[in-house]
Structures are given as structure tokens and as C-alpha cells.
Amino acid sequence: MSRQLVAVLCCVLAVGPLAAPAANPELTTRLDAQLKRNRERYGIAGQAVLIRHNGQLVYQAATGEKDVERHAPVSTDTVFNAYSLAKLLASVLVMQLVEQGGVELDAPASRYLPELPDAWKAISVRHFLNHSSGVPEYFENREGTLVSKGHAGLAPTLEAAFAGLADTPMQFATGSSNRYTQTNFLVLTALLEAHYRQPYAAIVRQRILKPLGLRNTWLGPAGVPSARLARGYIGKDGALRREDDIAWPAYALGHASLHTTVGDLDRFLQALAAGNLVRRATLQTLFQPRKLSTGRDSGFISGWEFGQSGDYRQMSHDGGTRVRARLLFKDSLAGDTWTFVYFTNGSVRNVWSRTLVDSTMAQVAPRLFPRETLSERLITHALADDGADDTALKTWLRDGSGVATEELERAINSAGYSVRENLGDRAALKVFTLNTVLHPESANAWDSLAECHAALGDAVIAAELYAKSRRLADAVKAKP
């Protein structure tokens, strides 16, 4: 074992399992109620949640069923398929290499992988890590079957996957956009294997799982005790349907099929925030906002989704609609930090994992997380009786939400689309209508309302609203 790994292990063992602080009964009650609401709203099969503030346990709970057919309950040691949270492990391994000087982020990845397709030779490691490379996806979904070019299913080897993309056009000019593409992490997995001269799974075990004592984490389903595994479900025709996990090949484990518990994922996040995997100073540098070549903010930083939540920098990642991990810090990782882990094994409405975490943030610290609180309140409004008085909500949105006035219209609009995706067009109509009441001069607000009416089949109303939106937009353009 290397000196660095010994040092990491000593640090982790010195910290040990963090003891739970004295319970906050009021907060526990609120969060218990929120998980119940989430399960009822979205038809969640089973869920497990773990929240910490500055390393101290705030809340942990598990509800619902890991196996709906057998009515087997979820517990805190239930193993979930965490899907693309696998990318967080690969991201950390790349950041370790950067810290050690083994990889330069702005160097072309072909410096370390000469066999990459010719069209990718100039693409930097950073672009692959941030999903801004523009490389094509290495498979497509054909009626539920994943198929790589030139194969009946997924390519049998990593080399075959790359070869199949050699003459496939780029999706966009490198650095001009973000598009979440699994191929990016195939390149990073290959880079790690080339550096360490080991299979990817062995690298993960040696550098992350063993040092952190993650005994409830597997790359792929092999080895997971069947009695502890949460079965996967998807919403279809208003009901839960079993969905078998994809049999990913070994070369895909850098981007998919991580199986773990909320406790192990929490331990990983705590070690990362503490600087036990990558030094805090290095992370502080790597977790800085970046611009695309178009001037827009990059949506990914060092392999993580990047955003802002109140005064906090927000680093997160999801595993499809089902699971999400979120790390927030104010000024630095040595200061005020929050971590949220929310796992499900599927829902009737295929609810966004982002929406679920937002709902817990709204309960934990509504003043600290105004956008998430706004989202949760608007979801509640969307589900309320049509005759309910919304005067108090309007007053709160104008004067007490904590969202800046200049950002309020877009924040409500974004919440409307979240409602639309998670609860349907009819529920979203209430949110979009409310936005036009609060922002009658906003072309964007009227356009979204028109779009929602169109989706509901209200063609005449939609046409009138689209026309109104265009008039407002033209009036803004005509102003000197």
C-alpha cells in the first residue's frame, strides 16, 4: 500500500463513524412528513435518506419497500443501484492523478491514450471530465436494447467501442456546450487504467473502497447479497413496473452500475469534504465555476453537476431519476458544508431526483436554500384544491421567498417545468398561470403558459397566449 493510501486510511480511521448529535424532534417530524408526502405524491417504491451538516448527522431514515412484490421493507442497510453516481468515483480518481501531477487537465487526453479516434486527439482531459468534449454517445437505445455501432448489443470491449465511433460526427464543437455523454467517462476510465496498469475495478478498490472501509459498495451487482438489494422499478401506465438493471460490461463501470448504501455513499462524501481523498485546497481549485467558449456557465465541473443554492456552491450528481448525492459548501470545504443523499428504487411518476432532494432542503433550512423552498411550496400549490386561496403564497413570493426580484420569474418558471415533468400538465398550469399574474410583462412567462395549454390540447388558448408573448417580446426589442 502506498504512503498516501496509508495516510488516507489513518485519517479516515481517526475520524471514524460520526456519532449522531442530540435529535431535533421538530426537524425529524418535518422530514418524516416530507418523505411520506414524497412517497404519496410520486408513488415511490422505497427510499432512504441521509443528511449531514458540518459532518454531524441531521437526519437518517428509510421507508417503503425494496421489493414491492414481496413487501420487503427498505432499511438503512439496503443496497441500491446508484447508476451514474459511479462517475463520482472516477472523478475523484482523476482528481487524485491531477493532484499527483500524473495528469494535466488541459492537456489532450491523447497524450495518455494515443489510440483515441483521430477526431478526438486534441480534446483535453478537462473537456471529457466536464461533458464538454462533444464526442458522440457509444450506444443508442433501440426499443429498450442498448446497441453500439456495428454490434448486436453493447461493444464487447472498450477498444471496440472506440473503434465504432471513429467516423461518427461530433455532437458539437469541443468546449461550446455540455452534453451528458457516457463516452466521456469511457475515456477517463481508459486513462486511469493506462496510468495504473490495472483494471478499473481494482483501482477503485485499492484507492477508494478499502481506504474508506466501504464494505457495502460494489461495482456492478455481482457480489451484492440478494436479500439486501432493492429491486428496480419504473413508472408505466400509472403503476410501478419491474425494470431489470442493464448488464453493463466491465469497461462501463466508470460511468454506471454502482451498487451501494446511503451510509457508504455518505462516508464517501464526508471523506471527500474532509480532504481525505483529494486535498481540500486542490478541490477548492477544481470546484471553481468555468465558462464555455460561448460565454455561458458550464453545467459540469470536474465531473460534477455545478450550481448555486443561496450562498452555497452546489456540487451534485444523480443516478437517473432515482438517486442523487449533493455536497454544498459556503466559502470553502473547511467551512459551512451540507451533504444530502437521497436514494429510491423507482417511482410511479419517475420523479426527478433533484425534486426529492430539493424537498428535504426546504425542510432542513428554508432560509438558507430559497430556490429549493420555492420549488417545494409551488409543488404544494400545484396539488392544492383549485379553489384554495393563493393570496398568502403571492405575498410570500413577492416579499418573503428570499429569491432576488430579478430572478423570481425564472425561478417560478423553472419550478413550473419541474411540476410539469413530475406531476403533469394540469398541475403545472397553476404554476405557470401564477407566474403570469406576478409577472404580466414577461414574454417568457406567457410563452410557458401557452406551451402548457398546447400540451393539454387547448389550441385556441395557446395560440392567443403565444401571440401575447410575441407582442411583449417585440415591445422589449423596440425599446431604445
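Biologist: Which residues are linked in a network of salt bridges?
Modeller: In this predicted model, Glu-305, Asp-318, Arg-324 and Arg-354 are joined in such a network.

Biologist: How many salt bridges does the count come to?
Modeller: The count comes to 22 salt bridges.

Biologist: Is Arg-322 buried or exposed?
Modeller: Arg-322 counts as buried, because its relative accessibility is 8% and the limit for that class is under 20%. Glu-243, at 31%, counts as partly exposed.

Biologist: And what does Arg-228 pair with?
Modeller: Arg-228 forms a salt bridge with Asp-77, at 4.0 Å from N to O. Arg-228 lies in the loop between strands S7 (218-219) and S8 (233-236), and Asp-77 in the loop between strands S3 (72-73) and S4 (80-83), so the pair ties together parts 151 residues apart in sequence. Asp-77 is partly exposed, with a relative accessible area of 40%.

Biologist: Which residue does Asp-244 meet in a salt bridge?
Modeller: Its side chain meets that of Arg-242, at 3.8 Å from N to O. Asp-244 is exposed, with a relative accessible area of 63%, whereas Arg-242 is partly exposed, at 43%.

Definitions and conventions:
Residues numbered from 1 in each chain as written. Predicted model: local features only at pLDDT ≥ 70, side-chain atom pairs only at ≥ 80, totals over all residues. Heavy atoms only, no water. Helix = DSSP H or I, 4+ residues; strand = E, 2+ residues; numbered from the N terminus. Buried < 20%, exposed > 50% of the residue type's maximum accessible area, 1.4 Å probe, protein only.
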